[in-house]
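Have a look at it, and then we can go through them together.

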Amino acid sequence: MNKEEIREFLKEVHHPAKDDRNIVDLGMVQDIDTEGDKVSVTLGFPKQRDPLKKYLLGATRATLIRHLGPGIEAEVKEVEMPSPEPAGKGTELTKETLLSVKHIIGIASGKGGVGKSTVAVNLAVALARIGYKVGLADADVYGPSVPVMTATEGARPEAENINGKDYIIPIEKYGVKWMSIGYFAEKGQALVWRGPMASNALKQLVLQVKWGPLDFLLIDMPPGTGDIHISLVQDIGIEGAVIVTTPQTVALADVEKGANMFRNENISKPIFGLVENMAWFTPEEHPEEKYYIFGRDGGARMAEQLGIPLLGRIPLVQSIRENGDDGTPAALSSRPDGIAFIELAGKLADRCSAER
Ligand SMILES: Nc1ncnc2c1ncn2[C@@H]1O[C@H](COP(=O)(O)OP(=O)(O)OP(=O)(O)O)[C@@H](O)[C@H]1O
Ligand SMILES: [Mg+2]
């Protein structure tokens with residue numbers, strides 16, 4: 001058995017006083033030594049007394065014996081940790097990682113299924129295509145869409161410890177840095193969260209990620225407009241929002257609900273604009289045709305009534321859905337729908353007066 005394998009199964013030993021994180025991730029395993037029939041593991045403990053030291057030494061030894069089987073001698077030693085990790089530092093969520101992000105923009109809607117994720121993913125790709133550094137956090141912890149829409153389902157983000165803090169490295173594809181809870185779940189596994197857990201997972205997906213310098217960080221907001229959303233906007237420090245709607249969203253009230261998450265007096269963030277998705281239908285075999293099935297100026301009228309600029313209009317075309325399903329965002333193409341996303345990206349950048 002080699003050291004890597006031993007290190008792997010030592011992850012079964014959890015520190016009950018440190019959010020139940022394992023001793024490997026906590027950086028406590030200082031040394032693994034294999035010599036003949038003997039395996040020796042050295043655990044580091046901070047100078048101040050760890051009341052669970054005895055327990056951890058015992059649990060580590062038991063784990064070694066269980067995996068190594070009879071005939072191998074298991075020894076666990078302790079040393080004083082050279083630079084003790086301040087209590088709680090590894091798990092504390094701060095906005096440090098967002099300091100090098102210029103614009104943090106929430107993509108929201110009042111109603112589900114209007115194409116929020118489709119617009120968010122394509123907008124991210126389009127912003128990257130016109131030269132910006134872009135990241136997207138899929139904040140839909142119940143039904144993440146980013147892995148499928150970018151064909152990154154199998155990706156497993158790596159972790160990196162920077163100054164004693166653990167960060168998740170986002171997945172890069174199509175010039176965009178992506179992060180989604182979907183990268184941490186088995187395929188098809190239902191994600192069941194209770195309120196505070198969901199809220200915390202969500203914050204981690206933004207605050208514990210090593211984004212690096214970005215012009216834009218887009219947040220695909222979870223459906224709904226509840227307290228979780230408002231706290232998200234506050235905790236992350238979202239600069240403003242883009243609201244997605246469809247012309248068939250007859251009820252202005254729905255769109256207004258989405259906008260009010262940001263206009264709430266405690267928050268009062270700007271709405272950069274409205275995106276009218278599925279604004280008209282274009283059949284694949286007649287790309288020059290536009291059918292305004294749900295009326296022509298719904299989006300513009302809605303924008304006017306709400307006092308929000310209309311940022312862009314995206315057609316309803318089969319390829320947008322197909323590209324969403326096969327993970328090659330439509331914004332990569334030079335078809336009219338691809339161009340529509342590029343135009344939208346340009347408008348948003350203007351609104352934020354972003355410099356490339
Ligand atoms: N402009 C479009 N043309 C064709 N299909 C589209 C368009 N916009 C979205 N769709 C399709 O509609 C479906 C719903 O879109 P999407 O998942 O982006 O909506 P959503 O608002 O994020 O939904 P949810 O509220 O569940 O998060 C998807 O199958 C998507 O491919
Ligand atoms: Mg969605």
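Ala, Val, Leu, Ile, Met, Phe, Trp, Tyr, Cys and Pro count as nonpolar, Asp, Glu, Lys and Arg as charged, and the others, Gly among them, as polar. Please keep in mind that this is a predicted model.

Q: How do the residues of the shell around ligand 1 divide into nonpolar, polar and charged?
A: By those classes, the shell around ligand 1 has 7 nonpolar, 10 polar and 3 charged residues. The shell holds 20 residues, and the closest are Gly112, Gly115, Lys116, Ser117 and Thr118. Two or more residues each come from α3 (116-129), β12 (271-281), β13 (310-316) and α9 (318-326).

Q: Why is Ala151 called partly exposed?
A: A residue is buried with 20 or more other C-beta atoms within 10 Å and exposed with 12 or fewer. Ala151 has 15 C-beta neighbours inside 10 Å, so it counts as partly exposed. Ala151 sits in the loop between α4 (146-149) and β6 (159-162).

Q: Why does Tyr174 count as partly exposed?
A: Tyr174 has 19 other C-beta atoms within 10 Å, and therefore it is partly exposed; the cut-off for buried is 20 or more. The loop that holds Tyr174 lies between β8 (171-173) and β9 (176-180).

Q: Which residues touch the most other members of the largest nonpolar core?
A: They are Leu123, Ala124 and Ile219, in a core of 74 residues. α3 gives the most to this core, with 9 residues. Another core lies apart from it and has 12 residues, including Ile6, Leu26, Val39 and Leu64.

Q: How do you know which residues Ala124 is in contact with, leaving aside its neighbours within four places in sequence?
A: A contact needs C-beta atoms within 7 Å. Beyond those sequence neighbours, Val134, Leu136, Val176 and Leu218 are in contact with Ala124.

Q: What makes β1 and β2 a pair of strands?
A: Pairing takes at least two bridges, and 6 bridges join β1 (residues 29-35) to β2 (residues 38-45), so the two strands pair, and they run antiparallel. Glu35 stands opposite Lys38 in β2. The hairpin of β1 and β2 has 2 residues between the strands, and Gly36 there takes a positive phi near 60 degrees.

Q: In which sense do β2 and β3 pair?
A: β2 and β3 (residues 73-80) pair in the parallel sense, over 8 bridges. Val41 has Val76 in β3 as its bridge partner.

Q: Where does pLDDT stay under 50?
A: It stays under 50 over residues 83-90, for which the model has 10 contacts beyond four places in sequence. Where pLDDT is low, the predicted coordinates should not be read in detail. For the protein chain, the mean pLDDT is 87, and 91% of its residues reach 70 or more.

Q: How many helices and strands does the protein chain have?
A: The protein chain has 10 helices and 13 strands. Of its 356 residues, 37% count as buried.

Methods. Residues numbered from 1 in each chain as written. Chains lettered and ligands numbered in written order. Predicted model: local features only at pLDDT ≥ 70, side-chain atom pairs only at ≥ 80, totals over all residues. Near = placed C-beta within 6 Å. Helix = DSSP H or I, 4+ residues; strand = E, 2+ residues; numbered from the N terminus. Core = buried A, V, L, I, M, F, W, Y, C linked by C-beta atoms within 7 Å. Contact = placed C-beta atoms within 7 Å. pLDDT = per-residue confidence, 0-100.
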